[in-house]
Amino acid sequence: MAALDNLVVTTALPAIRADLGGKLEDLEWTVNAYTLTFAVLLMLGAALGDRFGCRRLFVAGLAVFTGASAAVALSPDIDALIAARAVQGAGAAVMMPLTLTLLTAAVPAARRGAALGIYGAVTGLAVASGPVIGGSLTEHLSWQWIFWLNVPIGLVLIPLSRFKLAESTAPGARLDVPGTLLISAGLFGVVYGLVNANAHGWTSGPVLTGLIAGGALVGAFVVHGFRAKNPMLPMRLFRHRGFLGINMASLLMFLGMFGSIFLLAQFLQGVAGYSPAEAGLRMLPWTGMPMLVAPLAGALADRIGGRPVVAAGLALQAVGLGWFAVVLDPGVSYATQLPALILSGIGMALYFAPAAHVLMSTVATADQGKASGANNALREVGGALGVAVMASVFAAQGGYESPQAFADGTVPALWIGAGAVALAAVLALLAPRRRSAPTAATTTASLSTPATTSTSASTSTSTPTSTPTSATTADPAPATL
């Protein structure tokens, strides 16, 4: 639900405007309000989970997200809709980074790759198919059903999460208030600049102020992460080249993927003449592939390691986007596009399945919530950057005036997306080839973490979790690399 709502509203904007009114800027904020609060509060959500309990905060975030979804569907005007979208993004920001922590704690290490592969398949499908699902629901029902869809699912998941998930906390975790303020304000400035760059121009005062001030605050957060005693995101984690590589690869992957899907979904509708539902069916070789390939890729990552699977997936995604850039023109047939769709779908599936596994294998159990929050925040920033950069290239090289102009603008943008994902494949090679064999301390920590509660288990977990923390986050030995 959280990933789907990033882009699900885009194809419903004309219907929302007809129903609620509003200027173009108002319609832009129906997308941006969710993206901004989601990206800005992800790190805070992870920190709150470590401090007060992952399950407790997950249920709270799920409740906020579900209630805000109903509020969006019931909005009487565009201003109320924008406000409810912002609250919805806040709920998703608390819920999303805790999912990996809870899932990792619930699954034995030997089966974790396959389980995270299923998680990756669902997440990847939601991100890729958001505009298609939004358009189909709008076409056949109404735009309100985009948000009503979340309500029954949330109402079922809240009690299930409360009674079926084990509580998990980070022993001794404290809320880093200075770090929270720095990263929240910094990401707000950066994301605000990115999502408004097309509307106001890259050199406009608000955009430049957001990018420069936000970048400075993010830099201050980095310095704080090195110097503070208990920072929200310990910068020592980035000394592990695998952690650095998978996070930078995730940012570039979402940059290329978000921007490309944003343009290609419009190409199929605006140039090829398909309805939203028809375009969705023709994109199934791309958007549906994760459901078929990702679980298998997760199991493969358990056997040979996540690094080669992630790198191969990103390379295939880059080849698929490059193929699109070569063949795209107003008269291109669907059969000519099909190989690019298949390659992109397989590549996306191979990335999503083991990427989470690789990320979690680079940090200690006590740092997994922070690592997940950082990775999700970088993905969101990458997606916003991809749409902003590739849309700017599209506007500079082409436009909506004619099918040929649309193709002329889309082709160079796709080359940028392909280049970004190709660079991500290179960075993914920084990840460890194989996970080291778990030590007894690590195994004890993994088994005891799901049973950790805020009341009774801090003593039983304090000793084992401290041991793998120092071992995992230190500079890795050559065998690990």
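Student: What is the mean pLDDT of the chain, and what share of its residues reach 70 or more?

Tutor: This is a predicted model, and the mean pLDDT of the chain is 75, with 82% of its residues at 70 or more.

Student: And over residues 435-481, what is the pLDDT below, and how many contacts does the stretch have?

Tutor: The pLDDT is below 50 over residues 435-481, and this stretch has 58 contacts in the model beyond near neighbours in sequence.

Student: Switching to helices, how do H14 and H17 cross?

Tutor: The axes of helix H14, which covers residues 306-327, and helix H17, which covers residues 403-428, come within 8 Å and cross at roughly 165°. Angles over 145 degrees count as roughly antiparallel, and H14 and H17 are therefore roughly antiparallel to each other.

Student: Is that crossing left-handed or right-handed?

Tutor: The crossing of H14 and H17 is left-handed.

Student: Which residues meet there?

Tutor: On the H14 side they include Val310, Leu314, Leu321 and Phe324, and on the H17 side they include Val411, Leu414, Trp415 and Val421. The residues of this contact between H14 and H17 divide into 18 nonpolar, three polar and one charged.

Student: Where is Thr410, and is it buried or exposed?

Tutor: Thr410 is found in helix H17, and it is buried, with a relative accessible area of 0%. Leaving aside neighbours within four places in sequence, Thr410 is in contact with Leu263, Leu328 and Phe394.

Student: What about Pro354, which helix holds it?

Tutor: Pro354 lies in helix H15, residues 334-361, and at 1% relative accessibility Pro354 counts as buried.

Student: What does Pro354 touch, leaving aside its neighbours within four places in sequence?

Tutor: With those neighbours set aside, Pro354 is in contact with Ala301, Gly306, Val309 and Val310. Val310 is also among the H14 residues that meet H17. The C-alpha atoms of Pro354 and Arg307 are separated by 8.1 Å, although these residues are 47 residues apart along the chain.

Student: Back to helix pairs, how do H3 and H7 cross?

Tutor: The axes of H3 (residues 54-73) and H7 (residues 150-164) come within 9 Å and cross at roughly 165°, and H3 and H7 are therefore roughly antiparallel to each other. The crossing of H3 and H7 is left-handed.

Student: Which residues make that contact, and how do they divide?

Tutor: Among them are Phe58, Leu62 and Phe65 of H3, together with Val151, Leu155 and Ile158 of H7. The residues of the contact of H3 with H7 divide into 10 nonpolar, five polar and two charged.

Note on methods
Residues are numbered from 1 along each chain as its sequence is written. This is a predicted model: local features need pLDDT of at least 70, side-chain atom pairs count only at pLDDT 80 or more; totals for chains, interfaces and linings use all residues. Side-chain values use heavy atoms; hydrogens and water are left out. Axes are lines fitted to C-alpha atoms, for helices over the stretch in contact, and angles run from 0 to 180 degrees between N-to-C directions. Helices (H or I, at least four residues) and strands (E, at least two) are DSSP runs, numbered from the N terminus. Angles under 35 degrees count as roughly parallel, over 145 as roughly antiparallel, 65 to 115 as roughly perpendicular and the rest as oblique. A crossing is left-handed if the near helix is turned anticlockwise from the far one by less than a right angle, and right-handed if clockwise. Contact means heavy atoms within 4.5 Å. Ala, Val, Leu, Ile, Met, Phe, Trp, Tyr, Cys and Pro count as nonpolar, Asp, Glu, Lys and Arg as charged, and the others, Gly among them, as polar. pLDDT is the predictor's confidence in each residue, from 0 to 100. Buried means under 20% relative accessible area, exposed over 50%, partly exposed in between (1.4 Å probe, protein chains only).
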